[in-house]
Amino acid sequence: MGHQLPWSFPFKNVPMHGAIGVTCTGHVWSKRSVIACLTEETLRNLRYRPSKLSQHDFHWTVRTIGQYDPSIYKAPKGEMPRKRFPQALIIGAGKCGTRALIEFLNMHPQVVAAREEIHFFDLDQNFRRGLAWYLQRMRYSYSDQITLEKTPSYMWTKRARDEIYKLNRDMKLIVVLKDPVIRLVSQAIRNKDKDVTGCLLVHAPNGTLLVRDNIRPVYWSIYVNYIAKWLWKFPITQLHVLDSSMLVKDPVGEVQKIERFLGIKPILSKGNFHFDEQKGFYCKRPFYVQNVVCLGNEKGKPHPTLSPEVKELLYKFYRPYNEKLFKVIGTRFAWWPSG
Ligand SMILES: Nc1ncnc2c1ncn2[C@@H]1O[C@H](COP(=O)(O)OS(=O)(=O)O)[C@@H](OP(=O)(O)O)[C@H]1O
C-alpha cells in the first residue's frame, strides 16, 4: 500500500527486517519481520504532524512481511483497514473446542479473529460499556475479510440472542457442540468439582439415582433448549453447527465446510494442520510459519472414567434432547457411549 514512514523505525527492542507499510492483512505474530499497521487517523497525523507521532499511535498488529502470497490474499486496492463489528460469531458451546476452532479459522487470510473472548453480550459490566467499546476490541480488517469473535457462553444467554439480532440480523452463527455427557464432564473438571460423578447425580427420595438437571454443567448440555431459541430469531441458513469430535478427527474437513458457510475462498488445507502425537490433537500450521502451534495444556485434559451405571444414566437422560436437536438442525451426530 505504499505509505512509508518519514523516519527510521522508532521502536527499540523490536528487531526490524523490512519496510513498514499499511498492510494489515496477516494473522501471525512474528518477532523477526514486522509491519506496523497504521490507522487512518494516524496517517492523517503522519501527513500533518509527523513529529507528534508516538509508539502509541500505532495499531500494534505486527505481521510477518509477505505472510500471504498475493495469489492467496491481496487487500482490496486503495482501501484502508478499519475496525468492524463481527459478521460471524462462534457462540458456543463452552468446552466444545471453540478455541481450537477460532485458531484454525484465523489462519484463513479472510478471517480476522478477535484475540480474546470479549464477553460483551453476556456480561453486564462489558455490555454497559456500549457498542463502541465492543468495536474497539476488534482487529483491523478490509471489506473482503470477516471479523470473527468467539465467546462460548453467548449460546446460553438471552441477551446475546436479542442484542446480536439487533446489531446484525445477517450475523453468521457458528456452534460447535460435543457429546453432552463429555461436555458436562469437561465443565465439571474445569469447575474443579472434585467428585464429578457425585456432583452430577442425586438420590431421589425413593432411593433411585437421578441426574441433577438443575445445575449448569447438566442443563447447559441440553443444547436444543438454546439452539431452538436462536432459531426463533435467525434462519437456519445462518447457523452452522458442527460436532467437536469431527473437529478433533478431521479439522480440515470441518474448516472447509465453514469456508463455504462464510462464503470465503477455499484456502485452508491439510498443510495447515499437523497431528501432535503427544497431545493427541491437531495443531495449526499457519501460512509461512515453520512452527506448529498447539493449544495450551489446559485444553485436552484427561477426563475421569465414569462408572457404567452413571454413564448409562447420563446418556439416557440426554437421548431425547439430542433427538430433538438433530431434528431442529437437520443433522445427526454420533453421540453414544464408547468403551
Ligand atoms: N485441536 C485441539 N486441541 C486441543 N483441544 C481441542 C482441540 N480440538 C478440540 N479440543 C477440545 O477443546 C476443549 C476445550 O473447549 P473450548 O476451547 O471451547 O473451552 S472453553 O469453553 O473456551 O474454555 C477441550 O476439552 P477438554 O478435553 O475437556 O480439555 C478439548 O477436548
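User: Is Gly300 buried or exposed, or partly exposed?

Analyst: A residue is buried if 20 or more other C-beta atoms lie within 10 Å of its own, exposed if 12 or fewer, and partly exposed in between, with C-beta atoms placed from the backbone. Gly300 counts as partly exposed because it has 17 C-beta neighbours inside 10 Å. This is a predicted model, in which local features need pLDDT of at least 70, side-chain atom pairs count only at pLDDT 80 or more, and totals for chains, interfaces and linings use all residues. Residues are numbered from 1 along each chain as its sequence is written.

User: Where is Gly300 found?

Analyst: Helices (H or I, at least four residues) and strands (E, at least two) are DSSP runs, numbered from the N terminus. Gly300 lies in the loop between strand S13 (281-284) and helix H12 (308-329).

User: Which residues does Gly300 touch?

Analyst: Two residues are in contact if their C-beta atoms, placed from the backbone, lie within 7 Å. Setting aside residues up to four places away in sequence, Gly300 touches Lys279, Gly280 and Phe281.

User: Why does Gly97 count as buried?

Analyst: Gly97 counts as buried because it has 29 C-beta neighbours inside 10 Å. Its place is the loop between strand S4 (88-92) and helix H2 (98-105). Neighbours within four places in sequence aside, Gly97 is in contact with Val176, Lys178, Ser244, Leu247 and Val248.

User: What fraction of the chain counts as buried?

Analyst: Of its 339 residues, 34% count as buried.
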